[in-house]
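I opened the model to look up its disulfides. My notes follow in the order I took them.

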Amino acid sequence: MPSSPKVFSSATTSRRATLRRILSTPAFSAACLLFGLAGFLAAALSFSWSPGSAPRARCPDSSRPLSVSVAWDRRPGDASAGAVAAAGAAVDLPASHATGSRGRHKVMAFVGIFTGFGSVGRRRALRRTWLPADRQGLLRLEEATGLAFRFVIGKSNDKSKMAALEREVQEYDDFVLLDLEEEYSKLPYKTLAYFKAAYALYDSDFYVKADDDIYLRPDRLSLLLAKERSHTQTYIGCMKKGPVFTDPKLKWYEPQSFLLGSEYFLHAYGPIYALSADVVASLVALRNNSFRMFSNEDVTIGSWMLAMNVNHENTHALCSPECTESSIAVWDIPKCSGLCHPEVKMLELHRRKECTGGPSAVSESDDR
């Protein structure tokens with residue numbers, strides 16, 4: 001069937017003719033052009049000055065304090081309760097800060113250098129060699145390598161020790177202070193507190209635990225951690241196995257040896273190892289009292305890794321007895337669990353071209 005004819009009234013036709021004449025005038029065309037240009041300029045200015053636009057690269061904030069004090073488990077039964085504050089005192093914050101929802105500084109990796117109250121000489125040696133001794137140097141190292149370095153220490157009931165530590169914090173501003181007793185026998189507890197604190201403070205791909213008696217090449221550590229990996233849960237270290245020490249007279253005696261058998265499982269040496277962000281996130285999610293603590297920290301961490309689907313990445317460059325073209329961490333394996341006489345050996349290594357990658361002099365600014 002033919003469609004119905006379309007009928008247009010004369011009034012409608014007249015109005016359309018008038019509209020066509022107006023639209024075809026030069027004045028109307030010029031007005032449209034000006035209006036379009038004004039809109040384009042306004043949009044361009046709004047985009048370029050928008051406060052929400054993020055910079056492509058983020059430089060470290062040189063105005064904020066680098067040292068922080070961290071306290072955990074202040075509220076009974078809340079494993080994620082925490083406190084983070086600028087060096088001085090701990091202030092209770094919402095639990096969301098402990099789970100990393102906001103306020104975390106972005107770096108490729110955070111490196112916590114474990115130290116103690118009797119290790120002033122070791123810290124002095126590090127600051128005179130591979131670790132910058134001033135906040136600007138630390139920030140430059142972070143910008144160059146993607147690694148943030150801080151000393152990690154607990155607290156003491158000795159007021160004189162705490163006063164000396166406070167002076168050192170004020171001078172160097174390179175500490176993370178944990179709210180637990182600094183005792184070697186409690187090293188596994190310190191290690192767990194460290195990883196939880198590091199995760200709360202830093203949004204990192206890796207979290208590294210290092211001792212204060214190793215000679216480290218930050219540039220090579222950065223290259224190691226920056227490698228592409230197919231497994232998101234990664235445990236990097238110089239891996240080992242060995243007999244379980246059952247003799248109470250030995251230094252590495254393990255009271256819970258009956259749980260382990262005659263030989264340790266594969267785990268990393270304690271002087272330096274790294275855990276990927278997914279692994280640390282799993283540790284943070286668990287309650288503190290759900291972890292089994294063995295006598296030795298490296299064994300304790302290794303046992304936790306067995307409970308997770310982690311990839312054990314064995315890297316011998318992290319336990320080199322001498323400086324080489326590929327060494328990342330140098331220490332006196334197997335004689336010592338770090339450098340023997342580190343205050344002296346650290347300076348000796350730093351004077352060698354094969355250790356620094358080029359001419360390097362020991363800093364005299366901290367020679368006191």
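I began with C336 and C340, which form a disulfide with sulfur atoms 1.9 Å apart; I count a disulfide as a pair of cysteine sulfur atoms within 2.5 Å. This link is right-handed, with 105° about the S-S bond.

I noted that the model is predicted, that local features need pLDDT of at least 70 and side-chain atom pairs pLDDT 80 or more, while totals for chains, interfaces and linings use all residues. Residues are numbered from 1 along each chain as its sequence is written, and side-chain values use heavy atoms, without hydrogens and water.

Next I checked burial, where buried means under 20% relative accessible area, exposed over 50% and partly exposed in between (1.4 Å probe, protein chains only). C336 counts as partly exposed because its relative accessibility is 25%. C340, at 18%, counts as buried.

I then looked up C323 and C355, a disulfide with its sulfur atoms 1.9 Å apart. The pair links distant parts of the chain, 32 residues apart: C323 is in the loop between β13 and β14, and C355 is in helix α12 (residues 353-356). Helices (H or I, at least four residues) and strands (E, at least two) are DSSP runs, numbered from the N terminus. The link of C323 and C355 is right-handed at 100° about the S-S bond, and both cysteines are buried.

C238 is joined to C319, S to S 2.0 Å. C238 lies in strand β11 (residues 234-240) and C319 in the loop between β13 (311-314) and β14 (329-330), 81 residues apart. I found both C238 and C319 buried.

My count is three disulfides. With the bonded cysteines numbered in sequence order, the pairing reads 1-2, 3-6, 4-5.
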